[in-house]
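Here's a quick tour of a protein model, written to be read with the structure open beside it. Have a look around first, then come back for the details.

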Amino acid sequence: LAKEYRNRHIKKSTGYLSLGLSQELVSQPQLLFEILVPFGHFQVDKIIASKNNTGKQFISETYTLYIDRGRLLIIENSEEEEEVFESLVENSTQEDSEFLTFESLERLPKNFEFNSLVAAFDKDKLQFPLTLRNWKKGDSFQPFGMKGRKKVSDYLIDIKVPLPLKNKVLVLTSNDEIIWLVGYRADERFKVSANTKKIYLADLLK
């Protein structure tokens, strides 16, 4: 039953899992305990008492739980912040990147669906090699659908990316210009349009 509950209610997002602290869980500490067993042993009474304290954290040997606006964020522990820097040529394969796969297309498939894990670019607007790296202070881009530039730091605040996840956010760049805030938003300037002749598709692996 606990496994079925996890499958129904734990949602997967870029870099973390989330579980809503529903009235059902809040009123049944034993149920919450069983749901969290794969992530470590936690004092669920303290979690329930802190359900409105955004930012509160609970740590096991393998995972850290964060209270975030009425839900639990479940993040796997890492020994240190991972520094990412990859230089990716036009024909990069899965062996070249730990995080992304790429594909060149003439047109998007009819059943293609955009989501936060995939981005499509006008290939003729890109300059290779592309660079995948951690975002840094001062970075800015033009979010898809917007007219002006915006600092990455401000954009992450606007979309309410939880503090423990901000340092894990990556950017994909072309000629030092951000083309994708990976897992969140592509840049307007490199989007696919009616005039696009070649499409470059990037998929996030994790």
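Does Lys 191 count as buried, partly exposed or exposed? At 30% relative accessibility, Lys 191 counts as partly exposed; the cut-offs are under 20% relative accessible area for buried and over 50% for exposed, with partly exposed in between (1.4 Å probe, protein chains only).

## Ground rules

Keep in mind that this is a predicted model, where local features need pLDDT of at least 70, side-chain atom pairs count only at pLDDT 80 or more, and totals for chains, interfaces and linings use all residues. Residues are numbered from 1 along each chain as its sequence is written, and side-chain values use heavy atoms, with hydrogens and water left out.

## The overall picture

The protein has 206 residues, and 42% of them count as buried. Along the principal axes, the C-alpha atoms fill a box of roughly 55 × 35 × 35 Å.

Take the contacts (heavy atoms within 4.5 Å) between residues at least 6 apart in sequence: 60% of them join residues at least 24 apart. The protein exposes about 12,500 Å², with carbon and sulfur atoms supplying 47% of that; the area comes from the Shrake-Rupley method with a 1.4 Å probe, and for residues only the protein chains shown count as cover.

## A covered strand

Strand E8 (residues 118–122) is mostly covered, with 5 of its 5 residues buried. In a regular strand, side chains alternate between the two faces of the sheet. Here Val 118, Ala 120 and Asp 122 point one way, while Ala 119 and Phe 121 point the other way, and all are buried.

E8 pairs with strand E15 (residues 199–204) in the antiparallel sense, over 5 bridges; DSSP has to find at least two bridges for strands to pair.

## Salt bridges

A search of the whole structure turns up 9 salt bridges, each a side-chain nitrogen of Lys or Arg within 4 Å of a carboxyl oxygen of Asp or Glu. One of them joins the side chains of Glu 90 and Lys 123 (2.9 Å, N to O). This pair links distant parts of the chain, 33 residues apart: Glu 90 is in the loop between strand E6 (85–88) and strand E7 (100–105), and Lys 123 is in the loop between E8 and strand E9 (130–134). Glu 90 is partly exposed at 35% relative accessible area, whereas Lys 123 is buried at 12%.

Arg 133 and Asp 139 also meet in a salt bridge (2.9 Å, N to O). Arg 133 is buried at 13% relative accessibility, and Asp 139 is buried at 8%. Back at Lys 191, the salt-bridge partner is Glu 188, with the closest N and O atoms 2.7 Å apart; Glu 188 is buried, with a relative accessible area of 17%. Elsewhere, salt bridges that share partners join Arg 149, Glu 177, Asp 187 and Arg 189 into one network.

## A lysine without a partner

Lys 166 is found in helix H6 (residues 163–166). Lys 166 is buried yet has no salt bridge, and the nearest side chain of opposite charge, Asp 154, is 8.4 Å away.

What does Lys 166 contact, leaving aside its neighbours within four places in sequence? Lys 166 is in contact with Trp 135, Leu 156, Ile 157 and Val 161.

Conventions. Helices (H or I, at least four residues) and strands (E, at least two) are DSSP runs, numbered from the N terminus. Lys and Arg count as positive and Asp and Glu as negative; His and the chain ends are not counted.
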